[in-house]
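Please keep the sequence and the model in view while reading.

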Amino acid sequence: MYENIIKLVIMVLIGGLIGYLTNRIAIKMLFRPVNPVKLVFFTIQGVFPKRKDQMAISLADTIEKELLSKEVIMDKILSEDKVLELKRIIKETLVTKLNGAIPPMVKMFMGNNPEEMIKNLLDKEGDKILDDLIDQLKEKGLEDLNIRDIVKERIDSLDFVEFEKIIFGLMSSELRFVEIIGLFLGAFIGLLQFFITLAI
């Protein structure tokens with residue numbers, strides 16, 4: 001009986017250790033080796049370093065289609081509140097600049113308050129002009145803005161160690177969970193083996 005308990009403990013411990021180490025090594029091999037290592041008949045390289053280019057493309061596509069389309073970014077940059085604030089700043093700047101640029105002789109024919117006259121003119125016609133400018137800005141921005149290329153370029157510019165840190169930062173708890181699952185599965189298999197050996 002005592003021998004069976006020792007055998008059970010040893011098989012569960014060994015099974016758990018094997019399961020944990022197997023998963024840990026498998027996770028490490030996702031990232032390592034970074035550069036291809038030639039063995040006798042084949043070459044070994046980590047899955048992520050080997051597929052970094054494809055991953056960059058997939059990630060860039062996903063971000064552009066699902067998370068940050070250029071329309072979403074443009075709408076955020078030129079939201080209604082921001083457009084109103086932008087119009088106000090442009091109008092104030094134009095009033096100041098135009099008022100400063102008008103020669104004193106011309107101002108004499110514009111009445112007591114030329115600045116107010118310019119402001120009234122911009123209030124009447126300015127919104128239409130500024131709306132057209134903002135629409136053109138959005139249209140041009142949407143043409144030139146390519147989120148996919150920007151994301152891919154940023155990922156390509158990272159060396160693999162930085163890329164690995166990003167992935168670990170996003171998935172550290174999930175990868176740790178995989179290791180723990182390996183420990184428990186291995187221990188369970190050890191337990192199963194013990195009862196099978198007893199039955200035999």
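Which residues of H1 are buried? They are Met11, Gly15, Gly16, Gly19, Ile27 and Phe31, where buried means under 20% relative accessible area, exposed means over 50%, and partly exposed lies in between (1.4 Å probe, protein chains only). The model is predicted: local features need pLDDT of at least 70, side-chain atom pairs count only at pLDDT 80 or more, and totals for chains, interfaces and linings use all residues. Residues are numbered from 1 along each chain as its sequence is written, and side-chain values use heavy atoms, with hydrogens and water left out.

Helices are DSSP runs (H or I, at least four residues), numbered from the N terminus. The cover over the buried residues of H1 includes helix H2 (47-50) and H9, contact being defined as heavy atoms within 4.5 Å. The length of H1 can also be checked. Its 30 residues should span 44 Å at 1.5 Å a residue, and the end C-alpha atoms are 44 Å apart, which agrees; the expected span is 1.5 Å times one less than the number of residues.

Asn4 is found in helix H1 and is partly exposed, because its relative accessible area is 31%. Leaving aside neighbours within four places in sequence, Asn4 is in contact with Phe194 and Leu198. Asn4 and Phe194 are 190 residues apart in sequence, yet their C-alpha atoms are 8.7 Å apart in space.

Beyond residues up to four places away in sequence, Phe163 touches Lys52, Met55, Ile155 and Leu158.

Phe163 also belongs to the lining of the largest pocket, together with Met55, Leu59, Val151, Arg154, Ile155, Leu158, Ile166, Ile167, Leu170 and Met171. Two or more lining residues come from each of helix H3 (52-67), helix H8 (147-157) and helix H9 (160-199), with H9 giving the largest share, 5 residues. A pocket here is an open set of points on a 1 Å grid over the protein atoms alone, where a 1.4 Å probe fits, with protein on both sides within 12 Å along at least five of seven lines; lining residues have an atom within 4 Å of a point. The volume of the largest pocket is about 240 Å³. By class, its lining has 10 nonpolar, no polar and 1 charged residues.

Two further residues complete the tour. Leu122 lies in helix H7 (residues 114-144) and counts as buried because its relative accessibility is 14%. Apart from neighbours within four places in sequence, Leu122 is in contact with Lys91, Leu94, Val95 and Asp127. Ile181 is found in helix H9 and counts as partly exposed, at 34% relative accessibility. Ile181 and Lys91 are 90 residues apart in sequence and 63 Å apart in space, C-alpha to C-alpha.

Definitions and conventions. Points joined across faces, edges and corners; volume = space filled by probe spheres on them. Nonpolar A, V, L, I, M, F, W, Y, C, P; charged D, E, K, R; others polar.
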